[in-house]
Amino acid sequence: MAEPTVQRVRIYLNGEDRAGDRPLYQAVLAELRQSGATGATALPALSGFGPRRQVLPDAERQPVIIEWVDHALRIRRILPLISEIARDALITIEPVEVAQGVLRPSGPFGAEQLVSDLMQTEVATIAADAPLLAALEQIAAAQADLLAVVENETVVGTISARELVWRGGLRLPPSLLGMLEPAESAAALAVMHGRTVGEVVNREVRGVPLTMPIPQALTMMIEWGYAQVPVLDGHGRLAGIFGQREVLLAAARQPEPTDTNAIEVRVGMVMQAATARVALGQPLAAALAMLITAPSHLLFVIDDNGRLAGILRLGNVLMRLQGDERAALLAALQRAQPTPAAALPGARRAIDSLVEPAPAIVTVDAGLAAAARQLLNVNAERLPVVDSDGRLSGIIARGALIRALLQQSE
């Protein structure tokens, strides 16, 4: 006989049962949630007795029953974890027929796809006593967003490019360091000499377990504002790293829908309409004031008809400036407060000669898988979205695309 698709698990506990410093039923619910169970409910019972025939009448010892309804395959995966927590509990399983309700909508990630299925196993790590400059070199060389800080094979924290910039004292974006002259680089990095990773490491270890379902891991990443997170085994040891790139790779492999009646989410539905844009003919100084604070230090350039003419990149501008103008821009980049356009170079020069072709574009009617492929092909954080006439409609960023993919999978 075939195994039923949906089952109900009942876990019989007592209110006095503990797991560390909290009630056992709370620990069981927390494990179910972390491991990706669709849903569970803890029900207090008025009274009862067990094999020892001991009646439990008072509130502290009140019986508690956890009901968990889920797909059979998911139950089979998670149940051993619950058995480890509630070793003496009576646990029953029975088939159920769902008359109404959706256990898990369809989406780009299967119900049983776990973080371990997509994570990178080759992970850049660093020790807490390593020089801070060594962390910068690793992040720049690997083009990584995050390094795991490891002591005795255990992850004790993380360090990101953001921590290097603000907590480490580096005021220039790491992506620009390779464009500096030796003297400029020495001046920018002087503040980091003699400091160690341990001085700026984020010791609030925010990792996800190997067995966590992908939609849940994405939810946590969005809540934390992380593009990457360490993946930890049951002992807190580093098993891999999981991030936006792995999610986009999975989305890019999704086949095109064959059901012509199905409603596919299009880029135009999830794009960000507000964009950091400038028009051809704009004075360079005014554009730089925007460019310094723009996401990814990138502006989209439009013509008089609103059509996309190209992009303006901070790195390209820096490479083209010389002498006092270059020094003024570098000084502005390292100030804590925004620099007004009047103090920036290029007040009498238009941006037109510095505009580059956009590496790729996405159309408003493109599917999410197509957008993921474009972002990956050019290794971009964001791409312009244009309409059928080539007018700039908005941008699609990695974060927004991943949130859309998550909504389809929850």
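Is R195 buried, partly exposed or exposed? The model is a predicted one, and in it R195 counts as partly exposed because its relative accessibility is 22%. The points below begin with this residue.

1. R195 and its partner. A salt bridge joins R195 to E199, with 3.3 Å between the closest N and O atoms. E199 likewise counts as partly exposed, since its relative accessibility is 43%. In general, side chains of opposite charge can pair when their charged atoms come close.

2. Salt bridges across the model. Eleven salt bridges are present in the structure. Some residues are linked in a network of such bridges, namely R8, R10, E67 and E94.

3. The E356 and R313 pair. The salt bridge between E356 and R313 has its closest N and O atoms 2.8 Å apart. This pair links distant parts of the chain, 43 residues apart: E356 is in the loop between helix 12 (323–333) and strand 16 (362–363), while R313 is in strand 15. With a relative accessible area of 32%, R313 is partly exposed.

4. The R349 and E325 pair. The side chains of R349 and E325 also meet in a salt bridge, at 2.8 Å from N to O. Here too the pair links distant parts of the chain, with R349 in the loop between helix 12 and strand 16 and E325 in helix 12, 24 residues apart. R349 counts as partly exposed at 31% relative accessibility, and E325 counts as partly exposed at 27%.

5. The two sides of helix 12. Which residues of helix 12 are buried? They are R326, L329, L330, A332 and L333. Viewed down the axis of helix 12, these buried residues fall within an arc of 160°, and therefore they line one face of the helix. The face turned away from the buried side carries the exposed residues G323 and D324. Among the elements covering the buried residues of helix 12 are helix 6 (182–189), helix 10 and helix 11 (314–320).

6. Nonpolar cores. The largest nonpolar core has 48 residues, and those with the most contacts inside it are I159, L312, V317 and L329. A second, separate core of 39 residues includes L118, W224, A250 and A251. Apart from residues up to four places away in sequence, V317 touches L284, L288, L291, L312, L329 and L354.

7. Strand 11 (residues 228–232) and strand 12 run antiparallel and are joined by five bridges. Q228 has G243, in strand 12, as its bridge partner.

8. Backbone points to inspect. Which phi value does H297 have, given that it is not a glycine? The phi of H297 is positive, at about 50°. H297 lies in the loop between helix 10 (284–291) and strand 14, and is partly exposed with a relative accessible area of 22%. N379, a residue other than glycine, also has a positive phi, near 50°. N379 is placed in the loop between helix 13 (368–377) and strand 17 (382–386), and counts as partly exposed at 48% relative accessibility.

9. The surroundings of R307. R307 is found in the loop between strand 14 (298–302) and strand 15 (308–313). At 35% relative accessibility, R307 counts as partly exposed. Neighbours within four places in sequence aside, R307 is in contact with V301, I302, D389, G390, R391 and L392. The C-alpha atoms of R307 and V386 are 8.0 Å apart in space, although the two residues are 79 residues apart in sequence.

How values were computed: Residues numbered from 1 in each chain as written. Predicted model: local features only at pLDDT ≥ 70, side-chain atom pairs only at ≥ 80, totals over all residues. Heavy atoms only, no water. Helix = DSSP H or I, 4+ residues; strand = E, 2+ residues; numbered from the N terminus. Buried < 20%, exposed > 50% of the residue type's maximum accessible area, 1.4 Å probe, protein only. Contact = heavy atoms within 4.5 Å. Pairing = 2+ DSSP bridges. Salt bridge = Lys/Arg side-chain N within 4 Å of Asp/Glu carboxyl O. Core = buried A, V, L, I, M, F, W, Y, C linked by side-chain atoms within 4.5 Å. Arc of directions from axis to C-beta.
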